[in-house]
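The sequence and the model are shown below, and the discussion follows them.

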Amino acid sequence: MFCGGREGIMVQDSAERMIDKLAQRFGPRPLLRWTERATRGKANYHKNTISVGPHVWRGPVPSLLHEYAHILLYYRRGSIPRTKKTWRHHGPEYVETLFEVAEYWYGNPYRYPWHSEYRSIEKRVNGSKIRSYRLV
Ligand SMILES: [Zn+2]
């Protein structure tokens, strides 16, 4: 597991193992594109790839979890949600998926750095709008 504040030193091998663990738990096993140049993560639904690297600004671990949640939601639905344009990628279903992934990874989903998420995602989580969870 990757916990604590040393996420910046993550290497490709650790990222591969992280995806392996997520795949064991959730199913889909996207390919990793480890890139030194990326400053933000990216998921490609159709190619089933996740691009992250050591220099993504949020740190590679949260980025990888964020991108993995995209792949997982797509895998479960078989499609991209057809909702309001702004919600297509980061709508309610996505937030719940990310919450579930974060809960698995950190044990406590609130250890995920929601403050560095898109505002709409952060607001949804901090506003306790997650279907099956409540802040305690
Ligand atoms: Zn995203």
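What covers the buried residues of H3? The cover includes helix H1 (12-26), helix H2 (60-77) and helix H4 (119-126), where helices (H or I, at least four residues) and strands (E, at least two) are DSSP runs numbered from the N terminus.

## Basis and overall layout

The model is predicted, and local features need pLDDT of at least 70, side-chain atom pairs count only at pLDDT 80 or more, and totals for chains, interfaces and linings use all residues. Residues are numbered from 1 along each chain as its sequence is written.

The protein chain has 4 helices and 3 strands, and from the N terminus on its elements follow the order α-β-β-β-α-α-α. Of the 136 residues in the protein chain, 32% are buried, a residue being buried if 20 or more other C-beta atoms, placed from the backbone, lie within 10 Å of its own. Among contacts between residues at least 6 apart in sequence, 45% join residues at least 24 apart; two residues are in contact if their C-beta atoms, placed from the backbone, lie within 7 Å.

## Helix H3

Helix H3 (residues 92-106) has 15 residues and reaches 21 Å from its first C-alpha to its last, close to the 21 Å expected at 1.5 Å a residue, the expected span being 1.5 Å times one less than the number of residues. Its buried residues are Tyr94, Val95, Thr97, Leu98, Phe99, Val101, Ala102 and Trp105. Just after H3, Gly107 takes a positive phi of about 85°.

Two packed helices are described by the angle between their axes and the distance between the axes. The axes of H2 and H3 come within 9 Å and cross at roughly 125°, with axes taken as lines fitted to C-alpha atoms, for helices over the stretch in contact, and angles running from 0 to 180 degrees between N-to-C directions. H2 is therefore oblique to H3, since angles under 35 degrees count as roughly parallel, over 145 as roughly antiparallel, 65 to 115 as roughly perpendicular and the rest as oblique. On the H2 side, Leu65, His66, Tyr68, Ala69, Leu72 and Leu73 meet Glu93, Tyr94, Thr97, Leu98, Val101, Ala102 and Trp105 in H3.

H3 and H4 pack at an angle of about 70°, with their axes 10 Å apart, which means that H3 is roughly perpendicular to H4. Pro92, Val95 and Phe99 of H3 make this contact with Ile121, Arg124 and Val125 of H4.

The axes of H1 and H2 come within 11 Å and cross at roughly 35°; the contact is made by Ala15, Met18, Ile19, Leu22 and Phe26 of H1 and Pro60, Leu64, Tyr68 and Leu72 of H2. Met18, found in helix H1, counts as buried because it has 21 C-beta neighbours inside 10 Å. The C-alpha atoms of Met18 and Trp105 are separated by 9.2 Å, although these residues are 87 residues apart along the chain.

Of the 28 residues in the largest nonpolar core, Leu64, Leu65, Tyr68, Ala69, Leu98, Val101 and Ala102 touch the most other members; such a core is a set of buried Ala, Val, Leu, Ile, Met, Phe, Trp, Tyr and Cys residues joined through C-beta atoms within 7 Å. H1, strand S3 (49-52), H2 and H3 each supply at least two residues of this core, and the largest share, 9 residues, comes from H2. Not counting residues up to four places away in sequence, Tyr68 touches Ile19, Leu22, Ile50 and Val101.

Technical notes: Buried ≥ 20, exposed ≤ 12 C-beta atoms within 10 Å, placed from the backbone.
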